[in-house]
Amino acid sequence: MNVDKLTQKVQEALVGAQDISLNYSHQSIDAEHLLMALLTQEDGIAQSLLESIEASASDLIERLESDLRNRPRLSGPGVDESSLYVTQRLNRIISQARKEAKKLKDEYVSVEHVLLAMVDEMPLFREYGITREMLLNKLK
């Protein structure tokens with residue numbers, strides 16, 4: 001995954017997603033790990049952006065924690081960052097976020113672009129009534 005056109009916050013969130021995956025003993029880094037990292041990021045904008053469209057960040061975090069707790073876990077020696085892989089879905093989200101940045105004529109992929117890319121890939125957004133239009137309206 002090429003990170004040179006990602007903002008510092010997106011890069012930090014990807015590292016955070018990796019840490020979250022390791023903490024739960026998962027073998028992959030997926031969209032839920034990244035969203036959790038974005039929502040719990042210090043001085044991040046994901047939480048305030050979602051709150052501004054009346055999506056409760058704390059409810060989303062609880063739901064993500066529940067989902068992550070219920071996923072299969074790896075155990076034993078060798079469970080470290082070298083054994084993790086990025087899922088196809090997370091790769092699609094990052095790829096779509098790059099397209100979102102281009103559409104909005106932004107040079108770097110930011111948290112906002114990642115959230116826009118997640119809308120179509122994550123059923124959780126639909127469950128909470130979060131739409132692309134809502135996010136775009138708040139970004140304007």
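In which kind of crossing does helix 6 pass helix 8? The crossing is left-handed, a term used when the near helix is turned anticlockwise from the far one by less than a right angle, with right-handed used for clockwise. The model is predicted, so local features need pLDDT of at least 70 and side-chain atom pairs count only at pLDDT 80 or more, while totals for chains, interfaces and linings use all residues. Residues are numbered from 1 along each chain as its sequence is written, and side-chain values use heavy atoms, with hydrogens and water left out.

Helix 6 spans residues 111–121 and helix 8 spans residues 132–139. Helices (H or I, at least four residues) and strands (E, at least two) are DSSP runs, numbered from the N terminus. The two helices pack at an angle of about 165°, with their axes 9 Å apart. Axes are lines fitted to C-alpha atoms, for helices over the stretch in contact, and angles run from 0 to 180 degrees between N-to-C directions. Helix 6 and helix 8 are therefore roughly antiparallel to each other. Angles under 35 degrees count as roughly parallel, over 145 as roughly antiparallel, 65 to 115 as roughly perpendicular and the rest as oblique. On helix 6, the contact is made by Glu112, Leu115, Leu116 and Val119. Helix 8 contributes Arg132, Leu135, Leu136 and Leu139. Contact means heavy atoms within 4.5 Å. By class, this contact of helix 6 with helix 8 holds 6 nonpolar, no polar and 2 charged residues. Ala, Val, Leu, Ile, Met, Phe, Trp, Tyr, Cys and Pro count as nonpolar; Asp, Glu, Lys and Arg count as charged; the others, Gly among them, count as polar.

Helix 6 also packs with helix 2, at an angle of about 140° and with the axes 12 Å apart. Helix 2 and helix 6 are therefore oblique to each other. Their crossing is left-handed. Ala31, Leu34, Leu35 and Leu38 of helix 2 meet Val111, Val114, Leu115 and Met118 of helix 6. The contact of helix 2 with helix 6 has 8 nonpolar residues, no polar and no charged.

Helix 2 (residues 31–39) packs with helix 1 (residues 8–23) as well, at an angle of about 115° and with the axes 8 Å apart. Helix 1 passes helix 2 in a right-handed crossing. The helix 1 side of the contact consists of Ala13, Leu14, Gly16, Ala17, Ile20 and Ser21. The helix 2 side consists of His33, Leu34, Met36, Ala37 and Leu38. The residues of the contact of helix 1 with helix 2 divide into 8 nonpolar, 3 polar and no charged. Helix 2 is mostly covered, with 9 of its 9 residues buried. Buried means under 20% relative accessible area, exposed over 50%, and partly exposed in between (1.4 Å probe, protein chains only).

Ser28 lies in strand 1 and counts as buried at 12% relative accessibility. Leaving aside neighbours within four places in sequence, Ser28 is in contact with Ser21, His33, Leu84, Tyr85 and Thr87. Glu100 is placed in helix 5 and counts as buried at 3% relative accessibility. With neighbours within four places in sequence again left aside, Glu100 is in contact with His113, Leu116, Ala117 and Arg132.

Side chains of opposite charge can pair when their charged atoms come close. A salt bridge is a side-chain nitrogen of Lys or Arg within 4 Å of a carboxyl oxygen of Asp or Glu. By this rule the count comes to 11 salt bridges. One of them joins Lys9 and Glu12 (3.6 Å, N to O). Lys9 and Glu12 are 3 residues apart in helix 1, so about one helical turn separates them. Lys9 is partly exposed at 27% relative accessible area, and Glu12 is partly exposed at 36%.

Arg89 and Asp30 form another salt bridge (3.1 Å, N to O). Arg89 lies in helix 5 (residues 88–103) and Asp30 in the loop between strand 1 (28–29) and helix 2, so the pair ties together parts 59 residues apart in sequence. Both Arg89 and Asp30 are buried. Glu32 forms a salt bridge with Arg71, the closest N and O atoms being 2.7 Å apart. Glu32 lies in helix 2 and Arg71 in the loop between helix 4 (57–69) and strand 2 (85–86), so this pair ties together parts 39 residues apart in sequence. Glu32 counts as buried, at 10% relative accessibility. Salt bridges that share partners join Asp30, Glu32, Asp67, Arg71 and Arg89 into one network.
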